[in-house]
Amino acid sequence: MTELRDQLRRDLHEAMRAKEPVRRGTIRLVEAAIKNAEIERRRPLEDAEVIAVIRKQLKQRQESVELFQQGGRQDLVDKERAEIAVLEEYLPALMSRDEIVAAVQRAIAAAGASGPQDKGKVMGPLMGELRGKADGRLVNEVVTELLGG
């Protein structure tokens, strides 16, 4: 079992003892998602893969917050935000916009890109490098901006 899985399991037991229903429920859902991913891959996940599963769970909740806000369901928005806070505890910090800009500039120079038509040449290698370290939407936005698209 990986270090992150051990941490999740310890935190689940702690949340159960402390009677923290949001934390307990969120960790249980993450563990279920991890277990499903392991079944799908037919092997135990490594820490990087566990982080990817947690990021996916985080993204789902962020999308839910937007939908619940549009629907005027503040109670569900609050619940999702509480779960987001729990999930963020297990994720490494994402790169800042300035760090992404620097990485994009290096990738543009390496690819010899000159305009919006070269976006694919830049995005492929860049996302391989930044996967799990930066928000994909922000990377796409910065690439588009710097290539003049």
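This is a predicted model: local features need pLDDT of at least 70, side-chain atom pairs count only at pLDDT 80 or more; totals for chains, interfaces and linings use all residues.

Modeller: Let us begin with helix α1, whose buried residues are Leu4, Arg5, Leu8, Asp11, Leu12 and Ala15.

Biologist: Within what arc do the buried residues of α1 fall, seen down its axis?

Modeller: Residues three or four places apart in an α-helix point the same way, because there are 3.6 residues a turn. The buried residues of α1 line one face of the helix, so seen down the axis they fall within an arc of 125°.

Biologist: Which residues are exposed on the other side of α1?

Modeller: Exposed means over 50% relative accessible area. On the other side of α1, the residues that count as exposed are Glu3, Glu14 and Arg17.

Biologist: What covers the buried residues of α1?

Modeller: Look for other helices that make contact there. The cover includes residues 21-41 and residues 47-70. These are the helices α2 and α3.

Biologist: How far does α1 reach from its first C-alpha to its last?

Modeller: Helix α1 runs over residues 3-17, which is 15 residues. At 1.5 Å a residue, 21 Å is expected. The model comes close to that, with a reach of 21 Å.

Biologist: Is Asp11 buried or exposed?

Modeller: Asp11 is found in helix α1. Its relative accessible area is 9%. The cut-off is under 20%, so Asp11 is buried.

Biologist: Which residues does Asp11 touch, not counting those up to four places away in sequence?

Modeller: Asp11 is on the buried list of α1. Leave out residues up to four places away in sequence, and Asp11 touches Arg23, Ile27 and Tyr90.

Biologist: Where is Arg42 found?

Modeller: Arg42 also deserves a look. Its phi is positive, about 65°, although it is not a glycine. Arg42 counts as exposed, at 77% relative accessibility. It is found in the loop between α2 and α3.

Biologist: What separates the C-alpha atoms of Pro21 and Glu49?

Modeller: Pro21 lies in helix α2. It counts as exposed, at 52% relative accessibility. Along the chain, Pro21 and Glu49 are 28 residues apart. Their C-alpha atoms are separated by 26 Å.

Biologist: Which element gives the most to the lining of the largest pocket?

Modeller: Two elements give two or more residues to this lining, α3 and α7 (136-146). With ten residues, the element that gives the most is α3.

Biologist: How many charged residues does the lining of the largest pocket have?

Modeller: Sort the lining by class. Nine residues are nonpolar and three are polar. The charged residues number ten.

Biologist: Which element gives the most to the lining of the second largest pocket?

Modeller: About 210 Å³ of space lies in this pocket. Its lining includes Ala33, Asn36, Val53 and Lys56. Both α2 and α3 supply at least two residues. With six residues, the element that gives the most is α3.

Definitions and conventions: Residues are numbered from 1 along each chain as its sequence is written. Side-chain values use heavy atoms; hydrogens and water are left out. Helices (H or I, at least four residues) and strands (E, at least two) are DSSP runs, numbered from the N terminus. The expected span of a helix is 1.5 Å times one less than its number of residues. Buried means under 20% relative accessible area, exposed over 50%, partly exposed in between (1.4 Å probe, protein chains only). The arc is that of the directions from the helix axis to the C-beta atoms. Contact means heavy atoms within 4.5 Å. Ala, Val, Leu, Ile, Met, Phe, Trp, Tyr, Cys and Pro count as nonpolar, Asp, Glu, Lys and Arg as charged, and the others, Gly among them, as polar. On a 1 Å grid over the protein atoms alone, a cavity is a set of points where a 1.4 Å probe fits but cannot get out, and a pocket is an open set with protein on both sides within 12 Å along at least five of seven lines; lining residues have an atom within 4 Å of a point. Grid points are joined across faces, edges and corners, and a volume is the space filled by probe spheres set on the points.
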